[in-house]
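Hi,

Here is the structure I promised to pass on.

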Amino acid sequence: MRKKMVVGNWKMHGNLLENKQLLDAVISSLDGLHEDLIAVCVPYLYLPSVQNQLQSSSIAWGAQNVSQYEKGAYTGEVSASMLSDFRCQYVIVGHSERRMLFGENNNVVAEKFVAAQNAGIIPILCVGETLEQREAYNTEQVIEQQLKSVINLAGIESLNKAVIAYEPVWAIGTGITASPEQAQDVHTFIREGLAKQNSNVANQVIILYGGSVKGSNASELFAMPDIDGGLIGGASLIANDFITICRALR
Ligand code: PEP
């Protein structure tokens with residue numbers, strides 16, 4: 001049986017006070033009561049305070065990006081071993097905002113994936129198509145290529161220690177959610193594609209859906225057989241919404 005999971009992606013939001021209030025509410029509603037995996041991926045600077053607040057709870061934390069390099073003259077970068085110092089369990093790699101706004105291509109994303117795993121951190125690998133690619137019927141080809149870059153570099157079994165997040169770019173931060181059927185179709189495509197290479201990996205890998213998930217639509221998405229939970233942007237900043245989404249896993 002695969003675990004179910006909800007991950008909050010705070011993006012570049014928050015401050016010390018707001019973060020504390022948000023996590024206080026999340027801890028008091030979800031800590032210890034949940035058999036599922038719940039995590040928040042926060043801006044680097046807040047890792048020490050988030051670690052401090054979450055370390056004795058069942059809620060995990062992580063980062064939203066990582067350097068592909070181990071160390072060296074890379075001004076402004078943060079390495080995977082630095083994230084380990086703050087006990088990050090997860091790091092998002094290949095988020096569409098990083099791919100589109102910061103020029104990260106499939107090769108760089110694959111290198112970041114490997115860097116995270118080498119430091120014992122579970123990468124949450126984001127894949128997904130733009131609206132243009134969907135309308136040109138290229139969704140499957142785009143996702144296949146995004147996964148292939150990682151599998152070519154890290155091997156199919158690397159996905160045993162990873163999470164995949166299907167995030168259609170046209171649904172991120174737009175308020176437009178993929179229908180449960182649209183999302184399930186892509187999740188099936190991903191799982192069946194992996195099964196051709198390794199059925200154990202395909203059966204056990206957690207595949208999250210991300211893109212305008214809210215308290216009001218989480219249950220119907222999470223009810224689909226291949227959707228194992230969600231990667232949540234905007235709604236992860238609103239305590240009640242995030243808690244409702246986490247509860248929708250059951
Ligand atoms: C995200 O940033 O990963 C995301 C899914 O954002 P939102 O939920 O706001 O669409």
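Gly 233 is in contact with Asn 9, Lys 11, Ile 172 and Gly 173, leaving aside its neighbours within four places in sequence; contact means that the two C-beta atoms, placed from the backbone, lie within 7 Å. Keep in mind that this is a predicted model, where local features need pLDDT of at least 70 and side-chain atom pairs count only at pLDDT 80 or more, while totals for chains, interfaces and linings use all residues. Residues are numbered from 1 along each chain as its sequence is written.

Gly 233 sits in the loop between β8 (229–232) and α11 (239–247); helices (H or I, at least four residues) and strands (E, at least two) are DSSP runs, numbered from the N terminus. Is Gly 233 buried or exposed? It counts as buried, because it has 21 C-beta neighbours inside 10 Å (20 or more others within 10 Å is buried, 12 or fewer exposed, in between partly exposed, with C-beta atoms placed from the backbone).

Ser 212 counts as partly exposed, with 19 such neighbours inside 10 Å. You'll find Ser 212 in the loop between β7 (206–210) and α10 (218–222). Not counting residues up to four places away in sequence, Ser 212 touches Ala 171, Thr 174, Gly 175, Ile 176 and Thr 177.

Both turn up in the UniProt "binding site" annotation (unreviewed entry), which covers Asn 9, Trp 10, Lys 11, Gly 173, Ser 212, Gly 233 and Gly 234. These residues span 226 residues in sequence, yet no two of their C-alpha atoms are more than 13.8 Å apart, so they gather at one spot. UniProt positions are in the numbering used here, feature names are shortened, and annotations may be inferred rather than shown by experiment.

Cheers
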